Amino acid sequence: MLRPSSLRSTSSSRVLFFSSHGVARRPLASAPSPLPPPEWIEPFLDVSDLTHHRGDPRNPSPWFPRVVSLVLASAPGSLPSDLASFCRRFLIRLSPAFVSHSLRSPDLRHRPDLALAFFRWAATQKKYPGHHLDSYVALIDILSSSDNTETSRIKELIAEIRARANLLPAAPSAATSLVRSLGSTGMVEELLWVWRWMKESGVEPSLMCYNCLLDGLVNSMFVDSAEKVFEAMEATRVRPDVVSYNTLIKGYSKVGRTQKAVDRFEEMQEKKIQPDKITYLSLMQCHYSDGQFHECLVLSHEMEEKGLEIPTHAYSLVISGLCKEGKPFEGMAVLESMVRRGCKANVANYTVLIDSFAKSMNEDHAMMLFERMKNDGLEPDQVTYGVIINCLCKAEKLDKAMELFKFCKENDVLVNAIFYSSLIDGYGKAGLVDEAQGLFNEMVEHGFVPDSYCYNALIDAFGKAGRIDEACALFKRMEMEGCDHTVYTYTILMDGLFKKHKNEEALKLWNMMIDKGITPTPAAFRALSKGLCLSGKFTRACKILDELAPMGIVPETAHEDMINVLCKAGRFEQACQLADGIIGKGREVPGRVRTIMINALRKAGNADLAFKLVHSKAACRQQ
């Protein structure tokens with residue numbers, strides 16, 4: 001008979017017992033052995049004792065892809081329970097380094113909700129020592145890079161970091177990343193706190209950290225603070241580089257301190273820090289914003305001489321600046337140079353040149369550029385078509401303008417109020433008032449809101465056509481619809497009212513303009529003085545002239561214009577009175593004015609008085 005001991009299994013802790021009859025009895029139940037404690041897993045495996053490869057001996061942990069995949073597959077609400085179940089099953093815990101490395105996974109970068117849920121769950125693990133600063137920085141970077149920056153969440157994380165003041169000395173390199181992330185979100189208060197925290201903790205900022213801080217302050221328009229940081233930087237062992245200077249010059253450009261930018265530009269060259277294309281571009285932006293367009297051209301020539309690449313935007317600034325100065329041919333020369341250097345012109349470059357040629361009444365060059373642009377494979381946009389239609393209207397080629405307008409509507413080019421305004425102005429100036437009014441009504445029907453320019457164009461058309469009542473009705477409509485009356489609105493309507501001999505209404509309009517605080521222009525005074533002189537209100541015109549003279553509004557030719565109008569109307573006595581008034585103030589009657597009066601008197605058959613006027617400065621008094 002076999003002994004029980006001979007049947008004990010060497011691979012099992014259980015023992016089978018048999019009775020004397022050979023029948024097996026149920027084995028005795030043994031107490032369950034306790035599970036081993038969960039293991040803290042790191043993001044890398046240390047196999048330094050198993051390999052002789054040079055370099056970093058650590059290999060990625062096989063747990064890393066499994067944990068990240070689990071996080072991505074879970075919903076934010078169920079993620080804590082999913083992770084807890086996973087870790088219980090495999091008897092693991094995620095170390096702070098593992099959490100930090102996981103948060104830097106590219107797959108989590110676009111899922112800030114899951115990254116935050118993962119971060120919060122990790123801190124609940126039993127005996128978890130607390131997040132490293134790297135984990136906070138990685139999460140803040142994710143939150144600041146998302147489409148909707150969650151500043152409130154970031155503020156919470158910064159508050160947690162502030163409560164753990166011992167984090168920074170343990171990870172000084174993470175401070176730079178934190179500064180960069182906070183700078184990108186415009187959280188200046190938190191950004192400056194990190195800066196002070198570094199100083200108080202004895203952590204010396206690196207050059208990159210300084211540059212990230214400068215960039216964050218400049219982007220938030222704290223240029224004075226950036227300047228102080230720059231000066232503090234110069235006092236340390238870390239010296240500003242070209243990036244530091246570029247950032248500060250960009251800041252000066254943002255706040256319009258052009259001279260400061262120029263001073264820094266000269267300073268960096270004195271310190272043998274060579275400006276790069278970004279330096280020049282930032283400085284050109286400064287000059288362009290300040291209206292110093294010639295300086296942009298000078299800087300572009302300097303870039304060419306140094307062999308620097310000229311960015312497309314730099315060319316655009318130069319071309320646009322020359323066009324603003326009314327120099328389209330010089331702008332065209334820059335475009336040709338740009339193309340020769342292998343930099344392709346864009347739609348904006350062509351459009352600004354076309355507009356400049358159109359404004360200088362050079363329709364041929366404008367249309368030539370338009371065709372060249374299309375031949376270069378560039379599709380004109382809404383702005384380009386608007387400029388071309390306006391150009392054709394100014395050139396009185398209304399049929400071509402309307403043809404292009406219809407083309408735009410039929411080919412899904414979004415037309416806007418500018419298209420209609422150009423056409424209304426063109427048809428109005430051509431005397432086709434009904435067509436202009438039809439376009440205005442069509443514009444309103446399509447949901448476009450007319451602006452002051454559009455209203456003024458139609459009011460001017462009505463006034464020139466003698467339809468002054470319709471012009472006045474449109475003037476009132478502007479007010480009801482909340483569209484501001486401009487000085488031009490008052491000028492053209494006054495001119496129309498005087499032509500229809502509605503002198504009192506025109507005068508009321510002038511007074512209304514003054515009461516509203518709208519400063520008259522020389523053109524407005526010219527329309528008023530002419531109307532008053534022709535309507536026999538010569539004295540009133542002279543009084544207004546005297547009132548406006550101290551304001552510098554009266555044009556230099558005001559007296560000449562008034563005398564000319566009076567002479568043409570045959571009112572020589574009033575013309576002579578006005579000339580006497582000039583002499584009475586100790587001035588001479590301008591030579592051109594005397595010529596106008598002499599010619600008018602001769603045409604009127606008053607040769608004797610004309611002869612006396614030739615030989616006497618005050619001959620008018622002898623009439």
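Reader: How are α1 and α2 oriented to each other?

Author: Two packed helices are described by the angle between their axes and the distance between the axes. Here helix α1 (residues 63-73) and helix α2 (residues 79-90) pack at about 150°, their axes being 10 Å apart, and they are therefore roughly antiparallel, a term used for angles over 145 degrees. The axes are lines fitted to C-alpha atoms over the stretch in contact, with angles from 0 to 180 degrees between N-to-C directions. This is a predicted model, in which local features need pLDDT of at least 70 and side-chain atom pairs count only at pLDDT 80 or more, while totals for chains, interfaces and linings use all residues. Residues are numbered from 1 along each chain as its sequence is written, and side-chain values use heavy atoms, with hydrogens and water left out.

Reader: Which residues of α1 and α2 meet?

Author: W63, R66, V67, L70 and V71 of α1 meet L79, D82, L83, F86 and F90 of α2, where contact means heavy atoms within 4.5 Å. By class, this contact has eight nonpolar, no polar and two charged residues.

Reader: At what angle do α16 and α18 pack?

Author: Helix α16 (residues 312-324) and helix α18 (residues 347-359) pack at about 5°, with axes 10 Å apart, and are therefore roughly parallel, which is the term for angles under 35 degrees. T312, S316, I319, S320 and C323 of α16 make the contact with N349, V352, L353 and S356 of α18, and these residues divide into four nonpolar, five polar and no charged.

How values were computed:
Helix = DSSP H or I, 4+ residues; strand = E, 2+ residues; numbered from the N terminus. Parallel < 35°, antiparallel > 145°, perpendicular 65-115°, else oblique. Nonpolar A, V, L, I, M, F, W, Y, C, P; charged D, E, K, R; others polar.
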